[in-house]
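Subject: Structure handover and notes

Dear colleague,

I am handing over the structure below, followed by notes on what was found in it. Please read the notes with the structure open.

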Amino acid sequence: MPDNIIITTNGYPLLGDLNSGKVLDDSNRTYTMFGIGDVDYFPPERLKHSENEGYSYEYDYWSLGILLYELVCGELPFSKGDES
C-alpha cells in the first residue's frame, strides 16, 4: 500500500509495516494463505491455491505491479471507481 512508503527528509523511500514479511526456507515457498495483507493486492491465483501448494515470489511481483500502477495512475487497477 502507498501508505506504507515513507519518504525521508533526504528524499529516500523506506518501506514500513512489514509485519507480514517472511524469510522463506530452502524450498522458497510459503503456505500462509489468508489473514495477512490487503486483498486489493492479492493475485487471483491466491484464491485458487490450496494450503498444500504454497506459493513463492510470484505473489510479491503481482503486488508490486498493483502498487506501481496505483502510484502512476492514482487508483487501483481493478477498483472501477468505487475506491474512496
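A residue is called buried under 20% relative accessible area, exposed over 50%, and partly exposed in between. By that scale Pro-77, at 28% relative accessibility, counts as partly exposed. Please keep in mind that this is a predicted model.

Overall layout

The protein chain holds 2 helices and 2 strands. Read from the N terminus, their order is β-β-α-α. Of the 84 residues in the chain, 19% are buried. The accessible surface amounts to about 6600 Å², and carbon and sulfur atoms account for 55% of that area. Among contacts with a separation of 6 or more, 35% are between residues 24 or more positions apart.

Helix 2

Helix 2 has 16 residues, and the distance from its first C-alpha to its last is 23 Å, close to the expected 22 Å at 1.5 Å a residue. Its buried residues are Tyr-59, Ile-66, Leu-67 and Glu-70. These residues lie on the same side of helix 2, because they cover an arc of only 100° around the axis. The cover over the buried residues of helix 2 includes strand 1 (5-7) and helix 1 (45-48). On the face turned away from the buried side, helix 2 carries the exposed residues Tyr-61 and Val-72.

Two of the buried residues

Tyr-59 belongs to helix 2 and has a relative accessible area of 5%, so it is buried. In space, the C-alpha of Tyr-59 is 7.8 Å from that of Arg-46, while in sequence the two are 13 residues apart.

Glu-70 also sits in helix 2. Is Glu-70 buried or exposed? Its relative accessibility is 18%, and it therefore counts as buried, given that the cut-off for buried is under 20%. What is Glu-70 in contact with, leaving aside its neighbours within four places in sequence? The contacts of Glu-70 on that basis are Pro-2, Tyr-41, Glu-75 and Leu-76.

The nonpolar patch

With a relative accessible area of 45%, Leu-68 is partly exposed. Together with Leu-64 and Leu-71, Leu-68 makes a nonpolar surface patch of about 270 Å².

After helix 2

Pro-77 lies in the segment after helix 2. Leaving aside neighbours within four places in sequence, Pro-77 is in contact with Ile-66 and Tyr-69. The C-alpha atoms of Pro-77 and Ile-66 are 6.9 Å apart, and the two residues are separated by 11 residues along the chain. Ile-66 is one of the buried residues of helix 2, whereas Pro-77 is partly exposed at 28%.

In brief

For helix 2, the points to check on screen are the buried side with Tyr-59, Ile-66, Leu-67 and Glu-70, the face turned away from it with Tyr-61 and Val-72, and the patch of Leu-64, Leu-68 and Leu-71. For the segment after helix 2, the point to check is Pro-77 and its contacts with Ile-66 and Tyr-69.

Regards

Technical notes. Residues numbered from 1 in each chain as written. Predicted model: local features only at pLDDT ≥ 70, side-chain atom pairs only at ≥ 80, totals over all residues. Heavy atoms only, no water. Patch = residues over 30% accessible without salt bridge, like charges linked within 9 Å, V, L, I, M, F, W, Y side chains within 5 Å. Areas by Shrake-Rupley, 256 points an atom, 1.4 Å probe, with all protein chains shown as cover. Salt bridge = Lys/Arg side-chain N within 4 Å of Asp/Glu carboxyl O. Buried < 20%, exposed > 50% of the residue type's maximum accessible area, 1.4 Å probe, protein only. Helix = DSSP H or I, 4+ residues; strand = E, 2+ residues; numbered from the N terminus. Contact = heavy atoms within 4.5 Å. Expected span 1.5 Å × (residues − 1). Arc of directions from axis to C-beta.
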